[in-house]
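Me: Hi! I'm new to this one, could you walk me through it?
Reply: Happy to, let's bring it up first.

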Amino acid sequence: VSKDACLVPAGWGLTSLNPMVAEPCQKDAYGHEVARVAVSNARCIACPTNMFTLDTLENRTRNSTELFTSEAACLVKPGWGATSTTPQECPLGTFNEGKNRLPCQQCETGFTTVDVGKNSSAQCIVQTGWQMAAQ
């Protein structure tokens with residue numbers, strides 16, 4: 001927190017009002033995109049349920065210059081997709097590599113997955129009753 005202007009830097013949030021203390025937002029949270037006045041609502045905002053920041057998804061420590069400043073920093077894990085309302089595990093016949101905010105992708109026609117939560121098109125197999133065309 002700047003003592004001169006009492007601003008919370010972008011990607012940071014207040015952790016205490018008395019004394020006034022701000023810290024970079026921790027895992028699975030983000031701060032505002034620009035510095036803002038240090039008032040009680042200048043706190044970090046948690047990612048939506050089942051969404052995570054990249055440091056969590058990559059199981060690593062965030063470096064000192066890596067600040068998350070919007071909800072766009074909240075991503076789905078592999079095998080999950082983002083919808084207009086909420087993240088969900090990819091249903092049968094779909095996949096998503098994760099670390100993005102995209103919906104699950106459909107396997108090609110005649111292909112499906114063995115289970116839900118798949119993260120690659122390589123996990124799509126020929127559906128029962130279908131066969132590969134001769135080349």
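**Cysteines and their neighbours**

Reply: Let's start with Cys 90, which is buried, with a relative accessible area of 0%. Here buried means under 20% relative accessible area, exposed means over 50%, and partly exposed is in between, with a 1.4 Å probe and protein chains only.

Me: Before we go on, what kind of model is this?
Reply: This is a predicted model, where local features need pLDDT of at least 70, side-chain atom pairs count only at pLDDT 80 or more, and totals for chains, interfaces and linings use all residues. Residues are numbered from 1 along each chain as its sequence is written, and side-chain values use heavy atoms, with hydrogens and water left out.

Me: Thanks! Which cysteine does a disulfide join to Cys 90?
Reply: The partner of Cys 90 is Cys 104, with an S to S distance of 2.1 Å. A disulfide here is a pair of cysteine sulfur atoms within 2.5 Å.

Me: And where do Cys 90 and Cys 104 sit?
Reply: Cys 90 is in the loop between strand S8 (87-89) and strand S9 (94-95), while Cys 104 is in the loop between S9 and strand S10 (105-106). The two are 14 residues apart, and the pair links distant parts of the chain. Helices (H or I, at least four residues) and strands (E, at least two) are DSSP runs, numbered from the N terminus.

Me: Is that disulfide left-handed or right-handed, and why?
Reply: The torsion about the S-S bond of Cys 90 and Cys 104 is about -90 degrees, so this disulfide is left-handed.

Me: How many disulfides are there by this rule?
Reply: The count is four. Counting bonded cysteines along the chain, they follow the pattern 1-2, 3-4, 5-6, 7-8.

Me: What about Cys 6?
Reply: Cys 6 is in no disulfide, and the nearest cysteine sulfur, that of Cys 44, is 18 Å away. Cys 6 is partly exposed, with a relative accessible area of 33%.

Me: Okay, which cysteine pairs with Cys 47?
Reply: A disulfide joins Cys 47 to Cys 74, S to S 2.1 Å. Cys 47 lies in the loop between strand S6 (45-46) and helix H1 (54-57), and Cys 74 in the loop between H1 and strand S7 (80-82), so the pair ties together parts that are 27 residues apart in sequence. Both Cys 47 and Cys 74 are buried.

Me: And how far apart are the sulfur atoms of Cys 107 and Cys 124?
Reply: They are 2.0 Å apart, in a disulfide. With -75 degrees about the S-S bond, the link of Cys 107 and Cys 124 is left-handed.

Me: New topic: where is Thr 112, and what does Thr 112 touch?
Reply: Thr 112 is in strand S11, and it is buried, with a relative accessible area of 17%. Not counting residues up to four places away in sequence, Thr 112 touches residues including Cys 107 and Cys 124. Contact means heavy atoms within 4.5 Å.

Me: How about Ser 70, where is that?
Reply: Ser 70 is in the loop between H1 and S7. Leaving out residues up to four places away in sequence, Ser 70 touches Tyr 30, Gly 31 and Glu 33.

Me: Last one: is Val 39 buried or partly exposed?
Reply: Val 39 is partly exposed, with a relative accessible area of 38%, and is found in the loop between strand S5 (36-37) and S6.
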